[in-house]
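Q: Could you take a close look at one part of this model for me, the place where the two chains come together? I'd like the cut-offs spelled out as you go.

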Amino acid sequence: MGERDGPPAAVLYELIDDGRVGVITLNRPERLNAYDITMRDGLYEALLAVRDDPRVRAVILRGNGRAFCTGGDVAEFGSAPSAVRAREVRWLRDVWGTLWQLPAITIAAVHGYAVGGGFEMALLCDQSIAASNARFSLPETGMGMIPGVGGTQTLPRLLGTGRALDVVLTGRWLEARTAARLGLVSRVVAPSRLAAAARSLARRVAGLDHAALKALKRAINDGLDQPLEGGLALERRLAGVL
Amino acid sequence: MPTQLGKIYLAPGGMQLIVTKGGPGTLSDGETPLLRADSGEKFPDGTPAGAQALQLGKRYKSTDGAVEVLVNKPGPCDLRYEGQPMELKEAKPLPSSD
């Protein structure tokens, strides 16, 4: 996870602001941060560290090099021992479920390419800030696959089914400003301002009341999975214990 | 001093950890017991720190696996539980799922 002897770690993890803000950096710049086994294991370890450290109120997910993340490393495609084993591995190392369920507020700081699973990682975060050079695409359908990092669920929740299907079926590129117009990212900033913008948001979030933050995240995320009546009841319950 | 779940402990060299699985025994840096962060106590000046560099986000377990800690501030520490060196907890190797 950190850098020690041997090759650079595929994921770097640091804490800033007296431990209240975590920064997770995808670190395979020579492969445009393609997601392989080493990144999977490093990211999982970092996410568990965030989950188990109650000081951490916000976490920034970013990439080193020219891309945020270009999704699954094609060099590993087809290397799972079997479909059954692949399913077991995804269950044993549930990176995406862990990211989605973190109590800390998650902020994706996206620059360059965010493709496939890389795009979907950002969609799993609570907030995304994009550099103006960010480009998003979900090309899986054209490769005989479907998005497998939650995209079939997160994208329609943000766009509605029609526009989500358009993005997935066409695999077309979305420029940063288009992504912002569609509501997939909350802000677009100059590339030189991306790190500062993400840190500023994280610091602001980290300064808010922790219990209120957790309740807010739960009310919004869990509430969306319920009929309005159930969501309103959930909000009442959460507000009542603050 | 018991090792309490969810509590943060400090080592003389500045390393800090949080307990993710507690137990009745004592955490120490070599022979020096770690201090609970909420105790208000401080190490006397000149308290020696261990030589092993513990990394942020890494987990260590007691020899029987009953006690586990998560490093949330890196630093030097010869981490022990009940006098026995704690082991780096490595994730089980798993193949690609693609």
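A: Chain B and chain A bury about 2,100 Å² between them, and carbon and sulfur atoms give 54% of that; buried area here is the accessible area (1.4 Å probe) that two parts lose on being put together, summed over both. This is a predicted model, where local features need pLDDT of at least 70, side-chain atom pairs count only at pLDDT 80 or more, and totals for chains, interfaces and linings use all residues. Residues are numbered from 1 along each chain as its sequence is written, chains are lettered from A and ligands numbered from 1 in the order in which they are written, and side-chain values use heavy atoms, with hydrogens and water left out.

Counting heads, 19 residues of chain B are in contact with 28 residues of chain A, contact meaning heavy atoms within 4.5 Å. Between chain B and chain A there are three salt bridges, each a side-chain nitrogen of Lys or Arg within 4 Å of a carboxyl oxygen of Asp or Glu. A salt bridge joins the side chains of A:D52 and B:R59, at 2.8 Å from N to O.

Now for chain B itself. Its secondary structure is zero helices and twelve strands, with helices (H or I, at least four residues) and strands (E, at least two) read as DSSP runs numbered from the N terminus. The radius of gyration of chain B, at 14 Å, is close to the 13 Å that the globule rule gives for 98 residues, so chain B is as compact as a globular protein of that length. That radius is taken over C-alpha atoms, and the rule is 2.2 Å times the number of residues to the power 0.38. Of the 98 residues in chain B, 44% count as buried, that is, under 20% relative accessible area, with exposed over 50% and partly exposed in between (1.4 Å probe, protein chains only). Among the contacts in chain B with a separation of 6 or more, 53% come from residues 24 or more positions apart.

A:G231 sits in helix α10 (residues 228-240) of chain A and is buried, with a relative accessible area of 14%. Leaving aside residues up to four places away in sequence, A:G231 touches A:G223 and A:Q226.
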